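Please consider the following points alongside the sequence and the model.

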Amino acid sequence: MENSEGSRTTGGLDESVRGELAALRDSIDNIDAAVVHMLAERFKCTQRVGRLKADHQLPPADPAREARQIIRLRELAESAKLDPAFAEKLLNFIIAEVIRHHETIAGERLTGDVAGDGAAAG
Ligand SMILES: C=C(O[C@@H]1C=C(C(=O)O)C=C[C@H]1O)C(=O)O
(Lines give C-alpha, C1' and ligand atoms only; values in the text may rest on other atoms or scores of the structure.)
Protein backbone atom coordinates (compact mmCIF):
# COMPACT_ATOMS: atom_id res chain seq x y z
CA MET A 1 0.00 0.00 0.00
CA GLU A 2 1.12 3.62 -0.62
CA ASN A 3 0.24 6.69 1.40
CA SER A 4 -0.68 10.11 -0.05
CA GLU A 5 3.03 10.99 -0.49
CA GLY A 6 3.74 7.82 -2.42
CA SER A 7 5.67 6.12 0.44
CA ARG A 8 5.13 2.42 1.09
CA THR A 9 3.22 1.71 4.30
CA THR A 10 2.65 -1.39 6.40
CA GLY A 11 0.07 -1.28 9.17
CA GLY A 12 -0.16 2.51 8.77
CA LEU A 13 3.60 3.08 9.25
CA ASP A 14 6.00 4.19 6.47
CA GLU A 15 8.52 1.47 5.64
CA SER A 16 11.32 4.00 6.17
CA VAL A 17 10.02 4.89 9.64
CA ARG A 18 9.57 1.20 10.49
CA GLY A 19 13.13 0.53 9.29
CA GLU A 20 14.60 3.40 11.32
CA LEU A 21 12.69 2.29 14.43
CA ALA A 22 13.90 -1.31 14.01
CA ALA A 23 17.53 -0.17 13.55
CA LEU A 24 17.35 2.07 16.64
CA ARG A 25 15.80 -0.78 18.65
CA ASP A 26 18.58 -3.13 17.52
CA SER A 27 21.11 -0.66 18.92
CA ILE A 28 19.11 -0.28 22.15
CA ASP A 29 19.09 -4.08 22.54
CA ASN A 30 22.88 -4.20 22.03
CA ILE A 31 23.39 -1.40 24.58
CA ASP A 32 21.13 -3.15 27.11
CA ALA A 33 23.13 -6.36 26.64
CA ALA A 34 26.38 -4.44 27.22
CA VAL A 35 24.93 -2.84 30.39
CA VAL A 36 23.94 -6.28 31.73
CA HIS A 37 27.42 -7.68 31.02
CA MET A 38 29.15 -4.67 32.58
CA LEU A 39 26.95 -4.86 35.68
CA ALA A 40 27.65 -8.59 35.99
CA GLU A 41 31.40 -7.87 35.93
CA ARG A 42 30.99 -5.05 38.45
CA PHE A 43 29.07 -7.34 40.82
CA LYS A 44 31.79 -10.01 40.47
CA CYS A 45 34.31 -7.40 41.72
CA THR A 46 32.07 -6.11 44.48
CA GLN A 47 31.40 -9.67 45.72
CA ARG A 48 35.18 -10.11 46.06
CA VAL A 49 35.36 -6.78 47.91
CA GLY A 50 32.57 -8.05 50.20
CA ARG A 51 34.51 -11.23 51.02
CA LEU A 52 37.71 -9.23 51.61
CA LYS A 53 35.86 -6.88 53.97
CA ALA A 54 34.25 -9.75 55.86
CA ASP A 55 37.62 -11.52 56.18
CA HIS A 56 39.19 -8.37 57.64
CA GLN A 57 36.27 -7.14 59.76
CA LEU A 58 35.73 -4.02 57.61
CA PRO A 59 32.26 -2.40 57.50
CA PRO A 60 30.05 -3.21 54.47
CA ALA A 61 29.60 0.46 53.48
CA ASP A 62 32.32 3.05 52.86
CA PRO A 63 30.54 6.45 52.68
CA ALA A 64 33.77 8.38 51.96
CA ARG A 65 34.49 6.21 48.91
CA GLU A 66 30.86 6.61 47.79
CA ALA A 67 31.08 10.41 48.06
CA ARG A 68 34.18 10.40 45.81
CA GLN A 69 32.48 8.11 43.29
CA ILE A 70 29.40 10.37 43.13
CA ILE A 71 31.52 13.48 42.47
CA ARG A 72 33.44 11.64 39.74
CA LEU A 73 30.32 10.12 38.13
CA ARG A 74 28.46 13.44 38.10
CA GLU A 75 31.42 15.04 36.31
CA LEU A 76 31.55 12.19 33.79
CA ALA A 77 27.80 12.47 33.24
CA GLU A 78 28.00 16.21 32.63
CA SER A 79 30.72 15.83 30.03
CA ALA A 80 28.74 13.01 28.37
CA LYS A 81 25.57 15.19 28.36
CA LEU A 82 23.79 12.77 30.69
CA ASP A 83 21.70 14.17 33.54
CA PRO A 84 24.09 14.11 36.58
CA ALA A 85 21.14 13.67 38.97
CA PHE A 86 20.13 10.54 37.05
CA ALA A 87 23.73 9.23 37.14
CA GLU A 88 23.86 9.81 40.90
CA LYS A 89 20.52 8.05 41.46
CA LEU A 90 21.64 5.08 39.37
CA LEU A 91 24.96 4.78 41.24
CA ASN A 92 23.19 5.01 44.61
CA PHE A 93 20.75 2.30 43.51
CA ILE A 94 23.61 -0.03 42.52
CA ILE A 95 25.65 0.73 45.64
CA ALA A 96 22.65 0.02 47.90
CA GLU A 97 22.39 -3.44 46.36
CA VAL A 98 26.15 -4.00 46.78
CA ILE A 99 26.00 -3.01 50.47
CA ARG A 100 23.09 -5.44 50.95
CA HIS A 101 25.30 -8.19 49.46
CA HIS A 102 28.19 -7.20 51.76
CA GLU A 103 25.92 -7.33 54.79
CA THR A 104 24.78 -10.80 53.73
CA ILE A 105 28.39 -11.99 53.34
CA ALA A 106 29.34 -10.53 56.75
CA GLY A 107 26.29 -12.25 58.30
CA GLU A 108 27.30 -15.55 56.74
CA ARG A 109 30.78 -15.20 58.24
CA LEU A 110 29.23 -14.72 61.69
CA THR A 111 26.79 -17.63 61.45
CA GLY A 112 28.92 -19.90 59.25
CA ASP A 113 25.86 -20.18 57.04
CA VAL A 114 26.80 -19.62 53.39
CA ALA A 115 23.56 -19.20 51.47
CA GLY A 116 23.68 -19.75 47.76
CA ASP A 117 27.30 -20.91 47.42
CA GLY A 118 26.25 -24.34 46.23
CA ALA A 119 27.70 -26.04 49.33
CA ALA A 120 25.54 -28.76 50.84
CA ALA A 121 24.41 -28.08 54.38
CA GLY A 122 25.13 -30.93 56.71
C1 LIG B 1 32.50 -1.97 46.74
C2 LIG B 1 32.66 -1.36 47.91
O3 LIG B 1 31.66 -1.39 48.91
C4 LIG B 1 30.56 -0.48 48.91
C5 LIG B 1 30.01 -0.38 47.54
C6 LIG B 1 30.52 0.53 46.66
C7 LIG B 1 30.27 0.39 45.18
O8 LIG B 1 29.41 -0.40 44.79
O9 LIG B 1 30.96 1.07 44.41
C10 LIG B 1 31.31 1.58 47.15
C11 LIG B 1 31.57 1.75 48.46
C12 LIG B 1 31.04 0.84 49.51
O13 LIG B 1 30.00 1.46 50.22
C14 LIG B 1 33.90 -0.69 48.30
O15 LIG B 1 34.07 -0.35 49.49
O16 LIG B 1 34.75 -0.47 47.42
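**Notes on the predicted model**

1. By class, the shell around the ligand holds 6 nonpolar, 3 polar and 3 charged residues. In this classification Ala, Val, Leu, Ile, Met, Phe, Trp, Tyr, Cys and Pro are nonpolar, Asp, Glu, Lys and Arg are charged, and the others, Gly among them, are polar. This is a predicted model, in which local features need pLDDT of at least 70 and side-chain atom pairs count only at pLDDT 80 or more, while totals for chains, interfaces and linings use all residues. Residues are numbered from 1 along each chain as its sequence is written.

2. The residues surrounding the ligand are T46, V49, A61, D62, R65, E66, Q69, I94, I95, V98, I99 and H102; a residue is near a molecule if its C-beta atom, placed from the backbone, lies within 6 Å of it. At least two residues of this shell come from each of α1 (15–55), α2 (63–79) and α3 (84–111). Helices here are DSSP runs (H or I, at least four residues), numbered from the N terminus. The largest share of the shell, 5 residues, is supplied by α3.

3. Helices α2 and α3 pack at an angle of about 145°, and their axes are 8 Å apart. Axes are lines fitted to C-alpha atoms over the stretch in contact, and angles run from 0 to 180 degrees between N-to-C directions. From α2 the contact draws on E66, Q69, I70, L73, R74, A77 and E78, and from α3 on P84, A87, E88, L91 and I95; contact requires C-beta atoms, placed from the backbone, within 7 Å. These residues divide into 7 nonpolar, 1 polar and 4 charged.

4. The limits are 20 or more other C-beta atoms within 10 Å for buried, 12 or fewer for exposed, and partly exposed in between, with C-beta atoms placed from the backbone. The C-alpha atoms of F43 and L90 are separated by 15 Å, with the two residues 47 apart along the chain.

5. V35 also lies in helix α1. Having 10 C-beta neighbours inside 10 Å, V35 counts as exposed. Its C-alpha atom is 16 Å from that of E97, 62 residues away along the chain.

6. UniProt lists residues 15–106 as "domain: Chorismate mutase" in an unreviewed entry; such annotations may be inferred rather than shown by experiment. Over residues 15–106 the chain is 88% helix and 0% strand, and the end C-alpha atoms are 56 Å apart.

Methods. Contact = placed C-beta atoms within 7 Å.
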